[in-house]
Amino acid sequence: MLCRLAVAAGRRNNTVLITSLGCLASRKKHTLPDLPYDYGALQPHINAEIMQLHHSKHHAAYVNNLNIAEEKYKEALTKGDVTAQVSLQPALKFNGGGHINHSIFWTNLSPKGGGEPKGELLEAIKRDFGSFANFKEKLTAISVGVQGSGWGWLGFNKESNRLQIAACSNQDPLQGTTGLIPLLGIDVWEHAYYLQYKNVRPDYLKAIWNVINWENVSSRYAACK
C-alpha cells in the first residue's frame, strides 16, 4: 500500500514538474515596455536624460537579467537541482521586482499629471488619511525616509478594504512582500533623480507630485476593489 502511494505521489510530482517545465518552456521572454510619453515630456520636473537612462538602461537591465535568471531556473528544474533553484531566488526577486515596479512607475507618471485625484479614490484617501494633504505628507515622508534604495508606495489592502502607505527596500515588489496591491509607486533609487537633484531627495519628492497620473492610479484602485 505504501509503495502504491509512493508511486502515485511520484507520478503526481512528475506531472507537476512536467507542467512547470512546459510553462517555462512555452513562456515568452519579458520585454521592455514602451513609455507612454517622450523622454523629455516630464520636464522640468524630471529631465530627459534621467528618463532615458532610467528606462533604456536601468529598466532594460532588470528585464534582461530576469530573462537570464528564468532560463537558469528552467535548467535547474530540468536537472532537479534544488540548490541552484534556491540560489536563483534573489536574482528572480530583484530583477523581477525591478521589472514589475518600473512597469507600474512609468504609467503612474504623466506630463498632464499633478493636482489631486477625483471621485472614489479621493474619497478613499480622505477616509483613510484624513485629507489629501495628510496623505501626500505621509507618502512623501516614508519615501524620503527609505534608507539606501527602495520605493514608497500607496497600496490597497483587500482584507481591510483600506488604502495603506508602505516602503519597500531595493526592488522588493509591494504585493509579493506585503500583500498590498500597488496603486502608486515612487522610485527613490538615486538613479531616478541624482542627475537633476543630486543627493537632495526631498526636492525630487516635491517635484514628482507635479507629474503623478491620477487617472492611472484611480483606474488601478477601481480594478482591485
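Strand 1 and strand 2 (residues 162-169) run antiparallel and are joined by 8 bridges; two strands pair if DSSP finds at least two bridges between them. Helices (H or I, at least four residues) and strands (E, at least two) are DSSP runs, numbered from the N terminus. This is a predicted model, in which local features need pLDDT of at least 70, side-chain atom pairs count only at pLDDT 80 or more, and totals for chains, interfaces and linings use all residues. Residues are numbered from 1 along each chain as its sequence is written, and side-chain values use heavy atoms, with hydrogens and water left out.

**Strand 1 and its partners**
- In strand 2, S169 stands opposite G150.
- The two strands form a hairpin with 4 residues between them, and N161 in the turn has a positive phi of about 60°.
- Strand 1 also pairs with strand 3 (residues 181-187), antiparallel, over 6 bridges; there I186 stands opposite G152.
- Because 8 of the 8 residues of strand 1 (residues 150-157) are buried, the strand is largely enclosed by the rest of the structure (buried: under 20% relative accessible area, exposed: over 50%, partly exposed in between; 1.4 Å probe, protein chains only).

**Aromatic pairs**
- The structure holds 14 aromatic pairs (Phe, Tyr and Trp rings, the six-membered one for Trp, with centres within 6.5 Å; planes under 30 degrees apart are stacked, over 60 edge-to-face, the rest tilted).
- F135 and W214 form an edge-to-face pair, because their ring centres are 6.3 Å apart and their planes at 65°.
- F135 lies in helix 6 (residues 132-144) and W214 in helix 10 (residues 214-224), 79 residues apart.
- F135 is buried at 0% relative accessibility, and W214 is buried at 5%.
- Ring pairs link F129, F132, F135, W209 and W214 into a cluster.
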